[in-house]
Amino acid sequence: MAVARARMMLALRLALAALVLHLVLVLPSHPGALTPGALLLLPLELPLLLALLVAGRGARWLRGLIVAVLMLSVALRLADLAMVTAFARPFNPVGDLPLAAAALNLAQGSLGTPMTVLAVLAAVGALIVLAVLLWRATGGWGRLRPRSRLLPVALTAALALLVVAQTGAAMGRWRLPADPPGTAFATRHLTERLVLVDRTLQDLREFRAAAARDPFAGAPDLLQALDRDLLVIFIESYGRASLDGPLYADTTRATLQGAQTRLADLGLAMASGWLASPTQGGQSWLAHATFANGLWVNDQSRYAAVLASGRQTLFHHAGRSGFPTAAVMPQITLDWPESAVMGFDTILAAQDLGYRGAPFNWVTMPDQYTLSAMDRLLLDPSRDRPAVVQVALVSSHAPWVPVPDPLPWEEVGDGSLFTPMALAGDPPEVVWRDHDRVREQYRKAVAYSLRTVLDYAARHAGDAPLMIVLGDHQAAGFVAQDSRPDVPVHVIGPPDLVARLAAQGLTQGLIPAADAPVRPMDQMRDLILSSLTDPAP
């Protein structure tokens, strides 16, 4: 009886120990995977890990190694959960660690010092408790004794095979059966992070070398020709398909042609061309970073690397030459610690713009309101110096439902008049059942954004800023139906300033020539700095 009870207790302890290891191994790295179904997954590592503990007879060095690796895996996956929740991207150990101090400062400002300290202590305490549980769990299985002498060899070989397989899958050398999104197990997740770190370090070395070679580094008198505001305006999802695609070209070209005539009558010059974007279908921030840094930032690891590299953006150089710099980002609704290294003096995120209307589903506010608020909050005519500003408009962002109607500019006010428009029409879940309706909404949204920006240019023709208007990337594949990475770029403003940039191979007017060369977007930083600094052509 006592023996049976002892065996039962041992089995229970072993089951609990295995459960602890199981929970650690299946911890998701994406909030969308935090479901009860994740508990039913069987990680390949678990049976091998348990058997390895048995074969190793619970050696303290082996237990310590296993606990350390599992704790590192947990920390990385928790970091992924936090970063995906806050910034819609996974954690990059190289690029994001330098932002930890900024994140703590933001938490301190939001929660106060006592709550921030308490939260940090609670997190550290939870990790310590987990480490103790893992130590005890590995010890329980380590006390079992195998009867076969071949078991250690077989298990070690099997574990080695697992690690090799997971590493190869993470490096793209071969494929394993697909994991559910956000549920890569410990070895797979760790090897993916190792590959990411290696790639980021390579990019970081390249970017730091590029930062050291920056021909504009230290130059105090850049942009001397700029006697007015420079506005870099990104139109979301505005790609070449809008001008060339049969579903969109008629509307877009008619919009551009009509505006071209109107702006020319007002004395403004225009030139246009094509840029190759580093991204397609999404991740607008990669295009923003490529444009501002003058480096090709086509994935998240390179984005993290450029943030950590010390590279001076267009806005750093403008600020050093005495121009106030700003970012107008209506889609930023959470803390944005990365902005601390982007060269902006002022950031107007969604809450700073004061919009009082209803959101247009995922789109926080109409483009017309964004530009109106920018004028009111940032571009005061009484300023001593013109500003260099990045604006990321969002009305042409998916789901493109509903599309606003323009208001008279003097009636935009706090945006509350847009509320009836935001609540009109079918919701996205209805529209997106029909791809033809989605494409139609996209056509309307791009047309709205273009009309708004071009109308803004006409409205300011009497004291015109220099405007560089461009797309960030093509729309999603089924919408754009065009695999090219090209986006239009338009330069609008006084003839003398437009001529400086047009001399770099742009087409006169708002419709770029179909056979015009496609310039990589990372060349724009240096083109702007050189064209607006050197003597006039």
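Colleague: How do helix 10 and helix 17 pack against each other, and at what angle?

Modeller: In this predicted model, one compares the directions of the two axes, and an angle under 35 degrees counts as roughly parallel. Helix 10, residues 249-265, and helix 17, residues 435-459, pack at an angle of about 5°, with their axes 10 Å apart. The two helices are therefore roughly parallel to each other.

Colleague: Which residues of helix 10 and helix 17 meet?

Modeller: An α-helix has 3.6 residues a turn, so residues three or four places apart point the same way. On the side of helix 10, the residues in the contact are Thr251, Thr252, Thr255, Leu256, Ala259, Arg262 and Leu263.

Colleague: Which residues have the most contacts inside the largest nonpolar core?

Modeller: A core of this kind is a set of buried nonpolar residues joined through their side-chain atoms. The largest one has 66 residues, and those with the most contacts inside it are Leu263, Met374, Val389, Met467 and Ile492. Helix 17 gives the most to this core, contributing eleven residues. Apart from it lies another core, of 53 residues, among them Leu204, Ala269, Ala289 and Ala305.

Colleague: What does Leu263 touch, leaving aside residues up to four places away in sequence?

Modeller: With those sequence neighbours not counted, Leu263 touches Leu268, Met270, Leu454, Ala457, Ala458, Ile492 and Leu510.

Colleague: How many residues of helix 14 are buried, and what do they pack against?

Modeller: To read burial, one asks whether a residue keeps under 20% of its relative accessible area. Helix 14, residues 367-377, is mostly covered, with nine of its eleven residues buried. These include Asp367, Gln368 and Tyr369, as well as Met374 and Asp375. The buried residues of helix 14 pack against strand 1 (230-235), strand 3 (325-329), strand 5 (388-393) and helix 17.

Colleague: How many residues of helix 11 are buried, and what follows this helix?

Modeller: Helix 11, residues 284-293, is also mostly covered, since nine of its ten residues are buried. Among them are Ser284, Leu286, His288, Phe291 and Asn293. The helix is followed by Gly294, whose phi is positive, near 70°.

Colleague: Which residues other than glycine have a positive phi, and where do they lie?

Modeller: Here one looks at the backbone angle together with the residue type. Asn361 has a positive phi of about 60° although it is not a glycine, and it lies in the loop between strand 4 (346-349) and helix 14. At 37% relative accessibility, Asn361 counts as partly exposed. Gln481 is another case, with a positive phi near 55°, and it is found in the loop between helix 18 (477-480) and strand 7 (486-493).

Technical notes: Residues numbered from 1 in each chain as written. Predicted model: local features only at pLDDT ≥ 70, side-chain atom pairs only at ≥ 80, totals over all residues. Heavy atoms only, no water. Axes fitted to C-alpha atoms, helices over the stretch in contact; angles between N-to-C directions. Helix = DSSP H or I, 4+ residues; strand = E, 2+ residues; numbered from the N terminus. Parallel < 35°, antiparallel > 145°, perpendicular 65-115°, else oblique. Contact = heavy atoms within 4.5 Å. Core = buried A, V, L, I, M, F, W, Y, C linked by side-chain atoms within 4.5 Å. Buried < 20%, exposed > 50% of the residue type's maximum accessible area, 1.4 Å probe, protein only.
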